[in-house]
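This report covers selected residues, helix packing and the nonpolar core of one model. The sequence and structure come before the details.

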Amino acid sequence: MNNIPVTSKAGFNVIKQHEGRILTAYKCPAGIWTIGFGNTYYEDGTRVKEGDKITAQRAEDLFRNTLKIYEQAVWNLTRDDINQNQFDALVSFAYNVGIAALQKSTLLKHVNENPNDKRITTEFKKWIRGGGKVLPGLVKRRQQESDFYFNGVVKENMS
């Protein structure tokens, strides 16, 4: 049994790369107020709202604190023999779509049946919409998550 309590540095960077850092609250494509590295809530459960502003250090702290919630959820929802790359890719996915979406996804079902099932690639690629539209950034993110999941490959500048 593996013990993977935290996202690796490579996984950490994949998430940050895709989320970007914005220090003033903005509405994401799904219409949800967001701040920092894709955060929609603060640690105390308060939702991000219009007009909120944070510092770069606060964005970093909020990201690190929030990431722990997703790491724990992914670890609790998955079988004990997934590897670090698989864990990191699933944390990135959950951070973006939410724990509830991961929990009810066919992606998770396939992971738990057989973490090496190539259908997992297809399942990642189904999650490319935001606000009802296909978003190029999500297409790139899902491809990168899939590549990272199976190969530990991080392609920095996918076009």
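## Arg21

Arg21 sits in the loop that joins helix 1 to strand 1 (22–27); helices (H or I, at least four residues) and strands (E, at least two) are DSSP runs numbered from the N terminus. The model is a predicted one, in which local features need pLDDT of at least 70 and side-chain atom pairs count only at pLDDT 80 or more, while totals for chains, interfaces and linings use all residues. Residues are numbered from 1 along each chain as its sequence is written, and side-chain values use heavy atoms, with hydrogens and water left out.

With a relative accessible area of 48%, Arg21 is partly exposed; buried means under 20% relative accessible area, exposed over 50%, and partly exposed in between (1.4 Å probe, protein chains only). Leaving aside neighbours within four places in sequence, Arg21 is in contact (heavy atoms within 4.5 Å) with Gly36, Phe37, Ala56 and Ala59. Arg21 and Ile35 are 14 residues apart along the chain, and their C-alpha atoms are separated by 7.6 Å. Gly20, which follows helix 1, has a positive phi near 70 degrees.

## Helix 1 and its partners

The buried residues of helix 1 are Gly11, Phe12, Val14, Ile15, Lys16 and Glu19. The buried residues of helix 1 pack against helix 2, helix 3 and helix 7. Two packed helices are described by the angle between their axes and the distance between the axes. Here axes are lines fitted to C-alpha atoms, for helices over the stretch in contact, and angles run from 0 to 180 degrees between N-to-C directions. Angles under 35 degrees count as roughly parallel, over 145 as roughly antiparallel, 65 to 115 as roughly perpendicular and the rest as oblique.

The axes of helix 1 and helix 3 cross at roughly 30 degrees and come within 9 Å. Helix 1 is therefore roughly parallel to helix 3. Their crossing is right-handed; a crossing is right-handed if the near helix is turned clockwise from the far one by less than a right angle, and left-handed if anticlockwise. Gly11, Val14, Ile15 and Glu19 of helix 1 meet Asp88, Val91, Ser92, Tyr95 and Asn96 of helix 3. By class, the contact of helix 1 with helix 3 has four nonpolar, three polar and two charged residues; Ala, Val, Leu, Ile, Met, Phe, Trp, Tyr, Cys and Pro count as nonpolar, Asp, Glu, Lys and Arg as charged, and the others, Gly among them, as polar.

The crossing of helix 1 and helix 2 is right-handed. Phe12, Ile15 and Lys16 of helix 1 make the contact with Glu60, Phe63, Arg64 and Leu67 of helix 2. The contact of helix 1 with helix 2 has four nonpolar, no polar and three charged residues.

Helix 1 and helix 7 pack at about 175 degrees, with axes 11 Å apart, and are therefore roughly antiparallel to each other. On helix 1, Ala10, Gly11, Val14, Ile15, Gln17, His18 and Glu19 meet Gly137, Lys140, Arg141, Gln144 and Phe148 of helix 7. The contact of helix 1 with helix 7 divides into four nonpolar, five polar and three charged residues.

Asp88 belongs to helix 3 and counts as buried, at 1% relative accessibility. Apart from residues up to four places away in sequence, Asp88 touches Val6, Thr7, Ser8, Gly11 and Phe148.

Asp52 lies in the loop between strand 2 (33–36) and helix 2. Asp52 is buried too, with a relative accessible area of 9%. Beyond its neighbours within four places in sequence, Asp52 is in contact with Leu23, Thr24, Ala25, Ile35, Tyr42 and Arg47.

The largest nonpolar core has 32 residues, and Leu90, Phe124 and Tyr149 have the most contacts inside it. A nonpolar core is a set of buried Ala, Val, Leu, Ile, Met, Phe, Trp, Tyr and Cys residues joined through side-chain atoms within 4.5 Å.

Pro115, in the loop between helix 5 and helix 6, counts as buried at 7% relative accessibility. Among the residues that Pro115 touches, not counting those up to four places away in sequence, are Arg79, Ile120 and Tyr149.
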